[in-house]
Amino acid sequence: MRTISHFINGQSVTGTGAVTSPVFNPSAGQVQAILEHGDAAILAEAVAVAKAAQPAWASINPQDRARVIFKFKALIEKHRQELIHLMSSEHGKLLEDAMGELQRGLDVVEFVCGIPHLQKGEFTQGAGPGINVYSIREPLGVVAGITPFNFPAMIPLWMLAPAIAVGNAFILKPSERAPSVAVRLVELAHEAGLPPGILNVVNGGKEVGEAITDHPDIKAVSFIGSTGVAKLVYARGAGNGKRVQCMGGAKNHGVILPDADLDQVVADVLAGAFGSAGERCMSMPVIVPIGRKTANAVRERLLKEIPKLRIGVSVDPDAQMGPVVTPEHKKKIECYIQLAADEGAELVVDGRGRTLPGHEEGFFLWPTLIDHTTPSMRSYQDEIFGPVLQIVRAETFDEALSYPNLHHQGNAVTVFTRSGDWAQRFVAEVAVGMVGVNFPMPTPVGYYCHGGWKDSAFGDLNQYGEDSIRFFTRTKVVTQRWPHCRPAED
Ligand code: NAD
C-alpha cells in the first residue's frame, strides 16, 4: 500500500509518527493509500527549516522570484494529466472537473507571475516641504495554509503561490482526505528552482492544524474549510497574535424571477447543485423560485432532467457526477436527506439506496430533490455539501431576497432574470460576498478576490487577487526628509 508523507526542506520525509489514516479511492470504495500524520514536533522542524531559508529567498529580486513561478506554472501545465488523475482518484471528482479546478489554480499562479509589479509600494513626492513618503511591502516570514478536501490542488495554489511570490516561506497542511496532489505540486515547485525550505508540506489532521495556529514563528495562517473549524482557527490564531483569514462553509441560493430563461436556469441549477457531487463551496444547493407558476415550472423541468444525469466513476468520460469523498461523508448526506423529510419537506427525488453496477462499494449517491423547504428547517440552515437540491418557495421578490440575506452563510448567490432593474436591485441589496447574475457559481476570476460574508469568512482580506498580496505582506511606510546639505562657502 502506498504511503503519503511530508515534504520538508526539499525532500520527502517518511516514517513519522504513530498516527495514520486511510486515503480512499471513492469510485472504488477502497483504501488506496495510507497517510502518515505529523505532529507538533514535525511541524516545528518544518518551521525551523522555513525560518532559516526565508531571508535569502526574500532577498532575491522579485523578477528572479517571478522566474521560478513562471517555471512552476510551465511544469504544472506539463504534468496536467498526472495531477488531475491524482486529485480525482482521491477526491472522486470527474477528470473534467479536476481539469477545471487545476486551471483555476493556475490562474492564480499566472497572476503572481506579475509579482514585481504587484509588490511595488507607493511614493508621494512633496508630502511636506522637502518631504517624501513611500511604502514598502515586506514578506511576513514563515506563513501557513490549511486546506479542505474539495479543491485539493486549486486551494493550495491559491495560498502558496502569492505567499512565496512575495518572499515568504510557506507550510502547507493539506486535507487528510485528498493530500497527494498537494505534495506533487510542491515537488514540482522545487523542480522549478524553488530553494529547499521555502515550501513545505506537513500532513495530518486537527493536531497539525492546531500546532500551526499555535506556533509562534508562523506569522499568518490562511484557512479554508467548514465554518465550525474556520471559527476555531480564527479565534485561536488571532488569539496567538497571528494574521488569520478563514473561509468557511456555504449555502448558496439561486433566486429565480418569473421572467428568467428557464432552459438556461435549469441547466445552470443542475450544474450548480450536482456538479462535483455538490462538494463545492460555490455550489447551488438552494433555489428560490418566485411565484407558484415559476416554482412548478422549474420543478417539472428538473424532474425531467434529473433522471438523465449520468452517475459514474471519476475516469468515466461520459459521467456527469462522480462519488462523494468518503463513506462518512456519504452517511452524513444521507442523514440530512432523512432529516429534511422528518422536518416536513417533500422528498421529490431520493438519491439514496442505489449502487453503481460494477462499482458497488463506491461512495455514490444519486441527485436528490427536496421541495417545500422552509427557513426554520435545520436541513436548510446547515450546509449538506452533497448532491442535494432544496426548493424554498417565495411569493415576492422581497421574500426571495430575504432568504439569502437572513441565512447565516453568505458565500455566493445567483439571481436569474431578464430584467436589468431587478438584477441591479438584487445586487445592491443582497448580503452575500460573491454574486452571479444569470451566472451560477460566480467564483471571481484570478485577478479579483474570492471570499464570502457572515459565517462564510472570518478576517478582512480574501483569497487571491490583490488581497492575497496584502495578506502575505506587511507594509512599512517611510517618511523622509533630506535637509539641504551644501558645502559651506568661504
Ligand atoms: P474541514 O473544516 O473538515 O477541514 C478543513 C481543514 O482543516 C483540513 O485540512 C483539516 O484537517 C483541518 N482541521 C480540522 N480541524 C482543525 C482544527 N481544529 N484546527 C486546525 N485545522 C483543522 O473542511 P473539509 O470538509 O475538508 O472541506 C469542506 C468545507 O470547506 C465545506 O464546508 C466547504 O464549504 C468549505 N470550503 C469553503 C470554501 C470557501 O472559499 N469559503 C472553499 C472550499 C471549501
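**Helices, salt bridges and a surface patch**

In this predicted model, the axes of helix α2 (residues 62-78) and helix α7 (residues 180-191) come within 8 Å and cross at roughly 130 degrees. Residues are numbered from 1 along each chain as its sequence is written, and side-chain values use heavy atoms, without hydrogens or water. Local features need pLDDT of at least 70 and side-chain atom pairs 80 or more, while totals for chains, interfaces and linings use all residues.

Reader: Is α2 parallel, perpendicular or oblique to α7?

Author: Helices (DSSP runs of H or I, at least four residues; strands are runs of E, at least two) are numbered from the N terminus. Axes are lines fitted to C-alpha atoms, for helices over the stretch in contact, with angles from 0 to 180 degrees between N-to-C directions. Under 35 degrees counts as roughly parallel, over 145 as roughly antiparallel, 65 to 115 as roughly perpendicular and the rest as oblique. The crossing at roughly 130 degrees therefore makes α2 oblique to α7.

Reader: Where is Asn 61, and is Asn 61 buried, partly exposed or exposed?

Author: Asn 61 sits in the loop between α1 (40-59) and α2. Buried means under 20% relative accessible area, exposed over 50%, and partly exposed in between (1.4 Å probe, protein chains only). With a relative accessible area of 38%, Asn 61 is therefore partly exposed.

Reader: Which residue meets Arg 299 in a salt bridge?

Author: A salt bridge needs a side-chain nitrogen of Lys or Arg within 4 Å of a carboxyl oxygen of Asp or Glu. Here the N to O distance is 2.7 Å. The pair links helix α11 (residues 292-305) to strand β16 (residues 368-371), 72 residues apart. Arg 299 is buried at 17% relative accessible area, and the partner is Asp 371.

Reader: How many salt bridges does a search of the whole structure find?

Author: One of them joins the side chains of Lys 93 and Glu 101, and both of these residues are buried. Others share partners and join Lys 206, Glu 210, Asp 214 and Arg 236 into one network. The search of the whole structure finds 27.
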